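User: Hi! Could you walk me through this structure? I'm new to reading these.
Analyst: Happy to, let's look at it together.

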Amino acid sequence: AAVFRARESGFTLVELMVALALLGLMSATLAGSLALAGRSWDAGEAKVADTASMRVAQGFLRAQLEGQHAQRMKKMPEFPILFAGDRGEMRFAAPLPARVQGGGIWYYRLRVAEVDGRSSLVLDRMMPDTTATSMPDFGGADHSVLATDVKSVAIGYLGPDPGVAAGAGFEPAWRERWDDTQRLPMMIRIDVEPARGAKWPTLYASPREAPEAACRAWDNARARCAQ
């Protein structure tokens, strides 16, 4: 009789089915939680990678812009500086480290362009011929990708109107285009908007070269190189 009662104390079929259903529900919930944790981890890693890429790109750009050289075209009237820019593109001359292709002063172009099907922040570079009679272009230039998946870049330039000498009327202002062929901007502002996520922190850089750099003589009244 004692043996018969022990056998009757086991699970019924209904209880077993309920236990299996609860186990399946718990497994599904656990799997969903693990998948969510995996996606969160991947998103966190992507954000860290994007932040690191942004910091490297901004650090490199700041160093190049603040170390840029007032390179002039030696056989063109008034010896124009190799610098020009608008809202979406900037051209400037700056040193290349000696460990990279022998160093020297190179001509750069910062812009957003398609590279391998991805919109990227690109820095083109070439060795300019400063004895030419026209401004260099970037045909056949090398390029470096500073960041991928970039939606847009907006560049601003702080400085006075072209031809205004220091003193009366010298009122610097932010502008979206730089046409002064005799002076570098007093400050450059760069805003980068990625395809996803928040905008990069605004980058500010101040070129260090004096306007008369590389001139044979400087005409202060006309704010340009003297012939």
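User: How many bridges join β8 to strand β9, and how do the two run?
Analyst: Three bridges join them, and the two strands run antiparallel. Strand β9 covers residues 203–205. Keep in mind that this is a predicted model.

User: Which residue stands opposite Ile 188 there?
Analyst: That's Ala 205, in β9.

User: And what does β8 do with strand β6?
Analyst: β6, residues 150–159, pairs with β8 in the antiparallel sense, over eight bridges. Two facing pairs to look for: Val 150 stands opposite Pro 194 in β8, and Leu 158 stands opposite Met 187 in β8.

User: What's the order of strands in that open sheet of four?
Analyst: The order is β7-β6-β8-β9, with antiparallel pairing. β7 (173–175) and β9 have a single partner strand each, so one side of each is left without a neighbour in the sheet. Neighbouring strands here are turned by 20° against each other on average, ignoring direction.

User: New topic! What's the strand order in the sheet with five strands?
Analyst: That open sheet goes β1-β2-β3-β4-β5, and its pairing is antiparallel. The edge strands are β1 (83–85) and β5 (142–148), each pairing on one side only. On average, neighbouring strands of this sheet are turned by 30° against each other, again with direction ignored.

User: How many bridges join β4 to β5?
Analyst: Six, and the two run antiparallel. Strand β4 is made of residues 118–126. If you'd like a pair to find, Asp 124 stands opposite His 143 in β5.

User: Where is Leu 20 found?
Analyst: Leu 20 is in helix α2, which covers residues 13–66.

User: Is Leu 20 buried or exposed, and why?
Analyst: Leu 20 is exposed, because its relative accessible area is 53% and the cut-off for exposed is over 50%.

Technical notes: Residues numbered from 1 in each chain as written. Predicted model: local features only at pLDDT ≥ 70, side-chain atom pairs only at ≥ 80, totals over all residues. Heavy atoms only, no water. Pairing = 2+ DSSP bridges. Axes fitted to C-alpha atoms, helices over the stretch in contact; angles between N-to-C directions. Buried < 20%, exposed > 50% of the residue type's maximum accessible area, 1.4 Å probe, protein only.
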